[in-house]
Amino acid sequence: MPVPKSEFENLPPCDFYTPAELLEADQMYTVYEIARLLQGLEPDADIDHETEDILLDWAIPWVMTNADDLVVAEPRDEDEPGYYGLKE
């Protein structure tokens, strides 16, 4: 159900990091690490599974929206996720 804007004290713009602002140029990141970075956490921050699922809901569309600025690497092992990094 929609809620009136007047019920909120603060309404900052919905700005997201650009890939260049978020990622180090010489590093590759999993979508899980990107999810943490988008929330201002360290890439290796210990978070519970439920929180990680919620963060992935933000990270996956971010990766898709910024795909033109990213490169992708296949998983190194069968049980490992893929990696994303800045396009040079």
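In this predicted model, Asp 46 sits in the loop that links helix 2 (31–38) to helix 3 (49–65); helices here are DSSP runs of H or I with at least four residues, and strands are runs of E with at least two, numbered from the N terminus. Asp 46 counts as exposed because its relative accessibility is 79% (exposed means over 50%, buried under 20% and partly exposed in between, with a 1.4 Å probe and protein chains only). Together with Asp 48, Glu 50, Asp 53 and Asp 57, Asp 46 belongs to a patch of negative charge on the surface. Patches collect residues with over 30% relative accessible area and no salt bridge, joining like charges within 9 Å and nonpolar side chains (Val, Leu, Ile, Met, Phe, Trp, Tyr) within 5 Å; a salt bridge is a side-chain nitrogen of Lys or Arg within 4 Å of a carboxyl oxygen of Asp or Glu.

A nonpolar surface patch is also present, made of Val 3, Phe 8 and Leu 11, with about 290 Å² of accessible area together (Shrake-Rupley method, 1.4 Å probe). Val 3 lies in the segment before helix 1 (19–22) and is partly exposed, at 44% relative accessible area.

Turning to the whole chain, three helices and two strands follow the order α-α-α-β-β from the N terminus. The radius of gyration is 15 Å, well over the 12 Å that the globule rule gives for 88 residues, so the protein is more spread out than a compact globule; the radius is taken over C-alpha atoms, and the rule is 2.2 Å times the number of residues to the power 0.38. Buried residues account for 27% of the 88.

Residues are numbered from 1 along each chain as its sequence is written, and side-chain values use heavy atoms, leaving out hydrogens and water. As the model is predicted, local features need pLDDT of at least 70 and side-chain atom pairs count only at pLDDT 80 or more, while totals for chains, interfaces and linings use all residues.

Definitions and conventions:
Lys, Arg positive; Asp, Glu negative; His and termini not counted. Charge placed at Lys NZ, Arg CZ, Asp CG, Glu CD.
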